[in-house]
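User: I have a protein model open and I'm new to this. Can you walk me through what's in it?

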Amino acid sequence: MTWTTRQLEVMVEIASGDTYAMIGQRLGMSEQTVKNHAQDARRRIDVSSNIEAFRRMGWLIVPKLM
């Protein structure tokens, strides 16, 4: 479950809630390149969404309802 440095950087930015376009501008890459890095990162850990990726990496904790 290893991401490249750039994939990790992109996923951290996505977790902040910004759009792919904003992330691309901040990181000096196109919106499509941001999408490609995110897709490759998800593929490496065999998930289909960013939320699943964050959960798999332990970045998202969903509270249990009582």
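Analyst: Let's start with one residue. Glutamate 13 counts as buried, at 19% relative accessibility. Buried means under 20% relative accessible area, exposed means over 50%, and partly exposed lies in between (1.4 Å probe, protein chains only). This is a predicted model: local features need pLDDT of at least 70, side-chain atom pairs count only at pLDDT 80 or more, and totals for chains, interfaces and linings use all residues. Residues are numbered from 1 along each chain as its sequence is written, and side-chain values use heavy atoms, with hydrogens and water left out.

User: Where is glutamate 13 placed?

Analyst: Glutamate 13 sits in helix α1. Helices (H or I, at least four residues) and strands (E, at least two) are DSSP runs, numbered from the N terminus.

User: Which residues does glutamate 13 touch?

Analyst: Not counting residues up to four places away in sequence, glutamate 13 touches Asp18, Ile23, Arg26 and Leu27. Contact means heavy atoms within 4.5 Å. With arginine 26 there is also a side-chain to side-chain polar contact of 2.6 Å. A polar contact is a pair of N or O atoms within 3.5 Å; within protein, one must be able to donate a hydrogen and the other to accept it, and residues adjacent in sequence count only if both atoms are side-chain atoms.

User: And aspartate 18, buried or exposed or partly exposed?

Analyst: Aspartate 18 is partly exposed, because its relative accessible area is 26%. Its place is the loop between α1 and α2 (20-27). The side chain of aspartate 18 makes a polar contact of 2.6 Å with the side chain of arginine 26. Outside four places in sequence, aspartate 18 touches Glu13, Ile23 and Arg26.

User: Let's zoom out. How many helices and strands does the protein have?

Analyst: There are 4 helices and 0 strands. From the N terminus on, the order is α-α-α-α. Of the 66 residues, 30% count as buried.

User: How do α1 and α3 pack?

Analyst: Helix α1 (residues 5-15) and helix α3 (residues 31-44) pack at about 105 degrees, with their axes 9 Å apart. Therefore α1 is roughly perpendicular to α3. Axes are lines fitted to C-alpha atoms, for helices over the stretch in contact, and angles run from 0 to 180 degrees between N-to-C directions. Angles under 35 degrees count as roughly parallel, over 145 as roughly antiparallel, 65 to 115 as roughly perpendicular and the rest as oblique.

User: Which residues meet there?

Analyst: From α1 come Arg6, Gln7, Val10, Met11 and Ile14, and they meet Val34, His37, Ala38, Asp40, Ala41 and Arg44 in α3. By class, this contact of α1 with α3 has 6 nonpolar, 2 polar and 3 charged residues. Ala, Val, Leu, Ile, Met, Phe, Trp, Tyr, Cys and Pro count as nonpolar, Asp, Glu, Lys and Arg as charged, and the others, Gly among them, as polar.

User: What about α2 and α3?

Analyst: Their axes come within 8 Å and cross at roughly 105 degrees. So α2 is roughly perpendicular to α3. Tyr20, Ala21, Ile23 and Gly24 in α2 meet Glu31, Val34, Lys35, Ala38 and Arg42 in α3. The contact of α2 with α3 has 5 nonpolar, 1 polar and 3 charged residues.

User: Now asparagine 50. Where does it lie?

Analyst: Asparagine 50 lies in helix α4 (residues 50-56). Asparagine 50 counts as buried because its relative accessibility is 15%. A polar contact of 3.1 Å joins its side chain to that of tyrosine 20. Leaving aside neighbours within four places in sequence, asparagine 50 is in contact with Met11, Ile14, Tyr20, Ala38 and Arg42.

User: What is the phi of aspartate 46?

Analyst: Aspartate 46 has a positive phi of about 60 degrees, although it is not a glycine. Aspartate 46 is in the loop between α3 and α4. Aspartate 46 counts as exposed because its relative accessible area is 66%.

User: Last one: what does leucine 8 touch?

Analyst: Leucine 8 touches Trp3 and Trp59, not counting residues up to four places away in sequence. Leucine 8 lies in helix α1 and is partly exposed, with a relative accessible area of 38%. The C-alpha atoms of leucine 8 and alanine 38 are separated by 8.7 Å, and the two residues are 30 residues apart along the chain.
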